[in-house]
Amino acid sequence: MERINELTLLTGSAHPQLAKDVAIHLDKHLADAVTERFPDGECNIKVNEDIRGRDVFVIQPTCPPVNDNWVELMLLLDTLKRSSAGRITAVVPYFGYARKDRKDEGRVPISAKVVANTLVGAGADRIVTLDMHAAQIQGFFDIPVDHLYSRPVLMQAIYGMGIQSPVVVTPDVGGTKMARAYAKRLHADLAIVDKRRLSGSETVVEHVIGDVEGRNCVIVDDMISTGGSITQAATVLRSAGAKSVVIAVSHAVLCGPAIQRLTEAPVDRILVTDSVPQNMAELPSNLGVCSVAPLIAQAIRNIHLSESVSSLFQ
Ligand code: R5P
């Protein structure tokens with residue numbers, strides 16, 4: 001009981017609602033801090049509480065505006081380091097730049113590595129994140145990374161729908177491992193939509209691998225960005241005779257035409273988490289948000305008490 005009192009929770013300005021929900025689950029308050037902008041756009045940060053020696057968890061997804069949220073996180077980490085926090089954990093429920101994790105053509109950065117370097121350089125002692133686009137990004141850090149999965153949270157919602165004899169579908173070959181994990185737990189078949197990316201915002205679907213005719217399909221993916229991949233996959237599944245289509249995705253980044261595409265897509269239900277903040281009034285009426293706050297709160301509690309985090313992966 002004494003150790004839990006040494007825990008301090010802090011939020012950046014990216015997603016204060018998620019941080020508040022995490023705090024409620026931990027029965028803690030959020031530390032008093034200023035995270036504002038100066039008139040020229042620079043971050044104005046100040047922590048108004050003594051945090052010397054404390055086990056501080058700063059919650060900040062690096063979602064759009066990605067660069068602002070990333071810089072603010074670095075400045076928060078620097079603030080904590082210079083305030084003599086005992087241990088600093090960056091809780092990054094959505095890890096931006098994760099899709100740039102390798103040099104797949106000449107003269108491009110490995111942006112995910114740069115993000116990792118800057119978080120550590122700014123003061124992070126450990127990282128908690130959720131469904132990173134590529135799990136191997138953990139290797140870009142030489143500090144502990146607790147990589148959580150939203151699968152148990154989304155699975156609960158899928159179970160609740162009572163879908164008969166589902167087929168789990170990945171909208172691209174790269175997502176097969178994730179889809180297989182869902183399929184195993186749902187005792188479902190697996191299908192793959194063979195997608196080719198033409199550019200950052202354009203994809204083309206080549207084939208569906210697997211039997212989807214007359215079946216209830218559950219498309220799983222790590223993120224919806226412009227919504228192109230997932231809505232094309234849904235359309236192709238319907239053309240191949242799918243009876244129903246449900247989408248379950250960890251990170252609803254929803255940029256550009258995403259909301260319009262999701263609204264017009266031939267899908268019965270869209271399930272996402274609250275790793276990224278949403279304006280509920282703008283979202284399609286068939287979209288449900290499942291909170292990862294209890295999962296993140298439990299991970300923070302376990303880390304603070306030096307207890308296993310992998311028990312949360314079930
Ligand atoms: C791709 O590898 C990812 O898993 C997502 O499918 C992709 O990033 C989603 O992007 P968009 O929504 O723009 O198609």
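Author: What follows goes through the sheet, the cores, the aromatic pairs and the domains.

Reader: Ground rules before we start?

Author: This is a predicted model, so local features need pLDDT of at least 70, side-chain atom pairs count only at pLDDT 80 or more, and totals for chains, interfaces and linings use all residues. Residues are numbered from 1 along each chain as its sequence is written, and side-chain values use heavy atoms, with hydrogens and water left out.

Reader: How is the chain split into domains?

Author: The assignment gives domain 1 (7-149 + 293-313) and domain 2 (151-290). Such bounds come from an automatic or database domain assignment.

Reader: And how many residues are in contact across them?

Author: 17 residues of domain 1 are in contact with 14 residues of domain 2. Contact means heavy atoms within 4.5 Å. The C-alpha centres of the two domains lie 27 Å apart.

Reader: Now the open sheet. What is the strand order?

Author: S1-S4-S5-S6-S7, five strands with parallel pairing. Strand S1 (7-11) and strand S7 (145-148) are the edges, each pairing on one side only. Neighbouring strands are turned by 20° against each other on average, direction ignored.

Reader: What are your criteria there?

Author: Two strands pair if DSSP finds at least two bridges between them. Helices (H or I, at least four residues) and strands (E, at least two) are DSSP runs, numbered from the N terminus. Axes are lines fitted to C-alpha atoms, for helices over the stretch in contact, and angles run from 0 to 180 degrees between N-to-C directions.

Reader: How many bridges join S5 to S6?

Author: Four, between S5 (residues 87-92) and S6 (residues 126-130). One partner in S6 is Arg126, bridged to Thr89.

Reader: Which helices sit on the sheet?

Author: Helix H8 (residues 293-304) packs on it and touches S1, S4, S5, S6 and S7. H8's direction makes about 160° with that of S4. Helix H1 (residues 16-26) lies across S1 and strand S4 (55-59), at about 160° to S1.

Reader: On to the largest nonpolar core. Which residues touch the most other members?

Author: Leu9, Val22, Leu148, Ile158, Val168, Ile296 and Ile300, out of 40 residues. H8 gives the most to this core, with seven residues. Domain 1 and domain 2 each supply at least three.

Reader: Define core and buried for me.

Author: A nonpolar core is a set of buried Ala, Val, Leu, Ile, Met, Phe, Trp, Tyr and Cys residues joined through side-chain atoms within 4.5 Å. Buried means under 20% relative accessible area, exposed over 50%, partly exposed in between (1.4 Å probe, protein chains only).

Reader: What is Val168 in contact with?

Author: Leaving aside neighbours within four places in sequence, Val168's contacts include Ala179, Tyr182, Ala183, Leu186, Val218 and Val220.

Reader: And the second core?

Author: That one is separate, with 33 residues, among them Val56, Ala85, Ile88 and Phe95.

Reader: Back to H5. Which residues are buried there?

Author: In H5 (residues 176-186), the buried ones include Thr176, Ala179, Tyr182 and Leu186. Their cover includes helix H4 (151-160), strand S8 (166-170), strand S9 (189-197) and strand S11 (216-224). Just after H5, His187 takes a positive phi of about 50°.

Reader: How many aromatic pairs?

Author: Two. Rings of Phe, Tyr and Trp (its six-membered ring) pair if their centres lie within 6.5 Å; planes under 30 degrees apart count as stacked, over 60 as edge-to-face and the rest as tilted.

Trp70 and Tyr97 are edge-to-face, 5.4 Å centre to centre with 65° between the planes. Trp70 lies in helix H2 (residues 66-82) and Tyr97 in the loop between S5 and helix H3 (111-122), so the pair ties together parts 27 residues apart in sequence. Trp70 is buried at 15% relative accessibility, while Tyr97 is partly exposed at 31%.

Reader: And the other pair?

Author: Phe95 and Phe141, also edge-to-face: 6.1 Å centre to centre, 80° between the planes. Both are buried.

Reader: Last topic, S13. Why is it called largely enclosed?

Author: Because four of the five residues of S13 (residues 269-273) are buried. Four bridges join S13 to S12 (residues 244-252), and the two run parallel. Val246 stands opposite Arg269 in S13.
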